[in-house]
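I opened a new page in my notebook for this chain. Here is what I looked up, entry by entry.

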Amino acid sequence: MKWRGLIPKKSTFYTLYLSNQSDPENTDYAMEHGATRNFQAEKLIEEEEKRIQQEREEEELNNPMKVLENRTKDSKMEMEMLENLQELKELNQRQTQVDFEGMIDHYHSWRREREREKEEDERETKQVNVCRNTEGDCSCGDYDLGPSSQLQGA
């Protein structure tokens, strides 16, 4: 590996110099002094995946049964992924079939019905209070407020 170019930088926050060298072969930089890499873990994962893939290819070259086993595993994984995708599609279809506007309209009509019932109850309560204030002489005729002062519906 041939390294070219030294790139010194001065930190704007700290009073120290950072230096790294360019690596054109891997299209990357190598930190030389004054800093550490933030994305080193991602790079290590990529390198590990490459290594595993190379080992698998080498193993398949030497063992024809391993090729068959790997194909079987790959097809099984692919089928599982397709099943999961199908489940997600069905879930999305179920969610799109929910009529949210219908639900909101139903809620508003329910609310109006409750408010109307409440207003009717308040009117009846007012009527009863008016009848009680007249001490049994209710002109509406709906209630008989006799000497026991108990309400009886007509």
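I began with burial and noted that 8% of the 154 residues of the chain count as buried, where buried means under 20% relative accessible area, exposed over 50%, and partly exposed in between, with a 1.4 Å probe and protein chains only. The chain exposes about 14,000 Å², of which carbon and sulfur atoms supply 51%; the areas come from the Shrake-Rupley method with a 1.4 Å probe, and for residues only the protein chains shown count as cover.

I wrote down that this is a predicted model, in which local features need pLDDT of at least 70 and side-chain atom pairs count only at pLDDT 80 or more, while totals for chains, interfaces and linings use all residues. Residues are numbered from 1 along each chain as its sequence is written, and side-chain values use heavy atoms, with hydrogens and water left out.

Next I checked pLDDT, the predictor's confidence in each residue, from 0 to 100: the chain has a mean of 77, and 69% of its residues reach 70 or more. Confidence is lowest in strand S1 (residues 4-10), at a mean of 52, and highest in H2, at 91.

For the elements, I found three helices and three strands, running β-β-β-α-α-α from the N terminus; helices (H or I, at least four residues) and strands (E, at least two) are DSSP runs, numbered from the N terminus.

Last, I located Val98 in the loop between helix H2 (64-96) and helix H3 (100-133), and I recorded that Val98 is partly exposed, with a relative accessible area of 34%.
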